[in-house]
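Trainee: I have a model open and want to learn how to read it. Can we go feature by feature?

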Amino acid sequence: MQTSSRGLTIKQYQPAIQPISVTTGATIQPIASVVTGSNVKDDYERWYVEPSPKNRMMLSLRSGIPEEVSWALDRLLRLCSNEKFLLSAIPGLTDALFAWPEWYVERAVLDKISAMENPPRVAGVPGRGRGHIVPSRIEGVTKKSKKSRMSGLFADDPKEVIKRRHALEAITILRTATAYNDANVQELLDNARSRTLILSALHQLDLDSDENEEFLVNVLEIFHDLSSAGLTLPPTNAPLTANPTPAVMAILKETSNRSLIIASFQLLALLFSYPANVDHITPDSPGLEAAIRYLPLFTMDKELVDAALSFLYAHLACAPMARAFLLHPKMPSTLRVLVSLLVKERVEEVVMVDLCPPPAVALAVPPDTVNLVLGPEELETLGNLEEPKRCYEWMKAMFVLNPEGELTQVEFFQLYNSTFTPFMEASALLAPADVIKNVNVVYPSAQALLLPGPPQKFVVRGVARKQVKLPNQDRYKCQWDRGQCPNPFGAQNPGDLYDHILSVHINGGDSASGLYGCLWATCAQGHMTLRHLRSHVLTHVPLTQPFPKHSSQSDVVTLPDPGHQHPVDDPTKRSIVPPREFFVPSSRMTKDPPPMALTALLCVRVLFRTAFASAEAAPRADDDHFGFPGVVDDQEDGQPAQQQQQQQQVRDAQTEDSEREGELRGRRTFGNVREMLSEVRIRDETLMGWVVEMVTAGTSG
């Protein structure tokens, strides 16, 4: 029997089911990844999750019986995919689940120790004979044991297959539980075995082994969840085995496994976003090189590039790293890739833009009513009244009930204020709130409402301005005798005008031939009998209501110019409106760029601000300045101020040349990509303003 690091004995047992074996050298497919969860909506499994140490699943996990362990892990896999699942609900469940992943890591260490005792021979290499150990990434440990090398020719031990499956299922349960519920994250944070397992797995597992892929991905994702809850990195001077950053960086440097790379990028981006962890960022980190290496794949693998961009932004968000990156040999090519990504991800459509000024329009049918305006005598009468009676009488004179009417409260008070300001000596004006309240007194059905926005509007609904009709002198003007009627403005409606034409102009006339001609304005109709003439005159009498318009007909007519007369006597002789032919094609953004492009824009923005916003212009703290954010003069304890100043001058002299070189190099690079930046289009005005600023600065830089 073997004993884990926590003292839990793992029995050498027979598998509960016939394991899947592959004799062709291929890696056994992980089983935990294909188990799907389901939400249990009834009480079928309530007794399985009872908070008791004698819980059946707990007893099964600790029994060591293959069938029982497989059954318990299968149940937990189904239950953990539920936001109500809590690891702490079953006492001892977390520790029981840790036993299998710890065995998995311990087995990897034992394989390495076995490989050190029986190192492989390396033929044909000078200085390497029997007893020489092939170095690996951790303290000279060999890559694989003899047993691991033989697994490519023969099937793995069925017992080992079952135990590896249990380890994968257990780590998957822990990963899923932390993903669904924050309480499970806190449960693992409070358990010291979490950190030990993460560090051991990252430092001890072989990155070149495909069978470790699923296990490492789950470990990285658990680490990501714990970090999002406040787990910080140890100091930079901590032992290598206590610091997970080098191990994660090694994954990005050595492996080509896509899942591991994405999980590592996401984890490091989250860790480096915390100010307490910025000391672990280095200018020449393997993660930076990996991010630069994968950026050109943005057209083929967006998920991978998105993770790489998140890491790159977390790296550049540290000001010293951004200044150092300006001196990086691959900075110009990286900036070009980022700008190319922005150009590629724009979503736009081509529209035709009219360059002509807006046309002059007028109502097709001039209005025959206007808002009521009080005369001088009415104003004098109302102005001398006392409030609130004056306000009541003014509302009765100026407004009428209208269920569909609506005025803004500001317009309502401004009308009251402008009307009675000249009469303030007789009675003081009411406050705006009192004026609005009086509306309900005069018109109980009216309401003061707040209409949701944006923007919000305060309105008074249920009343409308009182309307008065315009004089009908021009509308019912008589134009007989070619417009020379001696009494043209006597009619007030169509009937009066028709009676006037018959009695004054037609019935009193005489013709020797019995035929008459129409003398209305410019009408040329002639040779009509008296009966036909009476009917014809009706075509010149305007109607009380205009003819109904077609649904496609507009309420306005287009005029040749704003000063053109309207209406005219003969609409058929209105001047022709010039055609609008000055249309040019233009591109318009239909939606905002995806998050990946926005992250790329942030990276470009950081590099731009670093290259063009020099720290030399920022005032430092002295007798006349309070200092500037981001420009800090470190003071070491126990040193005189003069000595600290001399040391600061030495450090400034050493970095001044390199920073100036980096800024000049960055400005030249932005000048080279100015044409590419000019092709970037973003719908958001603020973000597009960033692009315009960079293009303009690239012109001058």
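Mentor: Start at a helix end. Just after α1, G64 takes a positive phi of about 80 degrees. Keep in mind that this is a predicted model.

Trainee: Which residues of helix α1 are buried?

Mentor: Helix α1 spans residues 56–63, and M57, M58, S60 and L61 are buried there. These residues cover an arc of only 160 degrees around the axis, so they lie on the same side of α1.

Trainee: Now a single residue. Is T334 buried or exposed?

Mentor: Buried means under 20% relative accessible area. T334 has 2% relative accessibility, so it counts as buried.

Trainee: Where is T334 placed?

Mentor: T334 sits in helix α14, which covers residues 331–344.

Trainee: What lies 2.7 Å from a polar atom of the T334 side chain?

Mentor: The backbone oxygen of K330.

Trainee: Which residues is T334 in contact with, leaving aside neighbours within four places in sequence?

Mentor: I292, L295, L312 and F325.

Trainee: On to sheets. How do strands pair?

Mentor: Strands of a sheet pair through backbone hydrogen bonds, either parallel or antiparallel. Here, an open sheet has three strands in the order β6-β8-β7, and the pairing is antiparallel.

Trainee: Which strands stand at the edges?

Mentor: β6 (399–408) and β7 (447–451) do. Each has a single partner strand, so one side of each is left without a neighbour in the sheet. From one strand to the next, the twist averages 35 degrees.

Trainee: How many bridges join β7 to β8?

Mentor: Five, and the two strands run antiparallel. Strand β8 covers residues 457–465. For a landmark, find A448, which stands opposite V460 in β8.

Trainee: Which helix packs on the sheet?

Mentor: Helix α16, residues 389–398. Helix α16 touches β6 and β8. Its direction makes about 100 degrees with that of β6.

Note on methods. Residues are numbered from 1 along each chain as its sequence is written. This is a predicted model: local features need pLDDT of at least 70, side-chain atom pairs count only at pLDDT 80 or more; totals for chains, interfaces and linings use all residues. Side-chain values use heavy atoms; hydrogens and water are left out. Helices (H or I, at least four residues) and strands (E, at least two) are DSSP runs, numbered from the N terminus. Buried means under 20% relative accessible area, exposed over 50%, partly exposed in between (1.4 Å probe, protein chains only). A polar contact is a pair of N or O atoms within 3.5 Å; within protein, one must be able to donate a hydrogen and the other to accept it, and residues adjacent in sequence count only if both atoms are side-chain atoms. Contact means heavy atoms within 4.5 Å. The arc is that of the directions from the helix axis to the C-beta atoms. Two strands pair if DSSP finds at least two bridges between them. Axes are lines fitted to C-alpha atoms, for helices over the stretch in contact, and angles run from 0 to 180 degrees between N-to-C directions.
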